[in-house]
Amino acid sequence: MASPPLVLRFTFSTRPNPAPAMIVDLASKHYGEHFTLVDQLSVTDLSEIQRENVRGLLLVAEFDIGKLGKETMDLLPNLKVISTPSTGVDYIDVEAATAHGIRVGHSPGHFPSDSVAEFAFGLLLASARSIGYGNKSDPPGQQVTGSTLGIVGLGNIGRAVAERAKGFKMNILYHSRTRKEEMEKYLGLTFCSELKELLEESDFVVLCVPLTSETKNLIASKELGFMKSTATLINVGRGELSIMMI
């Protein structure tokens with residue numbers, strides 16, 4: 001009897017941490033008859049027979065420190081699917097995967113968008129209210145309620161951020177490639193055709209755009225100069241959207 005195909009939780013670390021318990025639980029309870037999840041091993045740790053039996057790669061975290069490319073795919077001759085729980089796939093060489101006949105799956109939609117939006121608002125509140133320094137005697141920080149929020153990119157994540165901002169009675173501006181008038185009516189948003197206008201007016205700026213050749217280094221020293229000296233920049237996209245000025 002042939003052994004079940006393998007799905008390898010792929011990681012760039014030489015000493016991978018255990019996969020999240022939810023992933024292991026799902027694999028064992030619902031898919032155990034269809035494949036075996038291999039965890040805490042790198043591709044090079046597998047034997048040749050095991051590598052030939054790998055049909056899928058599951059990327060769970062740590063995908064921001066490298067790129068899954070042709071070299072790894074060449075080691076797995078029967079690989080059929082690469083799957084990631086993130087929205088973006090810029091850390092996967094999709095062109096190489098296509099050339100190998102490998103399908104790439106990602107997770108755009110409301111579930112990851114809500115998670116990222118919650119994280120964005122957590123950062124916003126922590127920054128505004130100095131929550132990380134709660135044991136200090138400093139003043140409680142900047143008022144969020146009634147302040148101005150600028151959202152760069154009004155896709156699923158940008159929309160989810162705007163929905164949360166409404167609860168804080170924020171004045172919400174947005175800059176996007178295309179104007180979204182229905183969303184403006186639904187959430188009371190104001191469209192800024194120029195990024196400069198949004199940066200000048202906002203107390204908080206949240207970057208929600210994907211990383212492309214057009215958005216790489218979207219925020220640099222010139223753009224930071226447009227912002228208020230008291231403003232906060234929050235990037236929940238890829239790090240390369242902004243050039244860190246230290």
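**Ring contacts, nonpolar cores and cysteines**

Lys196 lies over the face of Phe226, 5.2 Å from the ring centre; a charge counts as over a ring if NZ of Lys or CZ of Arg is within 6 Å of the ring centre and within 35 degrees of the ring normal. The model is predicted, so local features need pLDDT of at least 70 and side-chain atom pairs count only at pLDDT 80 or more, while totals for chains, interfaces and linings use all residues. Residues are numbered from 1 along each chain as its sequence is written, and side-chain values use heavy atoms, with hydrogens and water left out.

Across the whole structure, 2 aromatic pairs are found. Rings of Phe, Tyr and Trp (its six-membered ring) pair if their centres lie within 6.5 Å; planes under 30 degrees apart are stacked, over 60 edge-to-face, and the rest tilted. Phe121 and Phe168 form a stacked pair, at 5.3 Å centre to centre and 25 degrees between the planes. This pair links distant parts of the chain, with Phe121 in helix α5 and Phe168 in the loop between α6 and β7, 47 residues apart. Helices (H or I, at least four residues) and strands (E, at least two) are DSSP runs numbered from the N terminus. Phe121 is buried because its relative accessibility is 6%, whereas Phe168, at 27%, is partly exposed; buried means under 20% relative accessible area, exposed over 50%, and partly exposed in between (1.4 Å probe, protein chains only). The rings of Tyr174 and Phe191 have centres 5.2 Å apart and planes at 50 degrees, so this pair is tilted. Tyr174 belongs to strand β7 and Phe191 to strand β8 (residues 190-191), 17 residues apart. Tyr174 is buried, with a relative accessible area of 0%.

A nonpolar core is a set of buried Ala, Val, Leu, Ile, Met, Phe, Trp, Tyr and Cys residues joined through side-chain atoms within 4.5 Å. The largest has 24 residues, and Leu149, Ile151, Val161 and Met170 have the most contacts inside it. At least two residues of this core come from each of α5 (110-128), β6 (148-152), α6 (156-166), β7 (171-175) and β9. A second, separate core of 19 residues includes Val38, Leu46, Leu68 and Tyr91. Leaving aside residues up to four places away in sequence, Ile151 touches, among others, Val161, Tyr174 and Cys208, where contact means heavy atoms within 4.5 Å.

Cys208 is buried at 12% relative accessible area, and Cys192 is buried at 1%. The disulfide count is 0, a disulfide being a pair of cysteine sulfur atoms within 2.5 Å.
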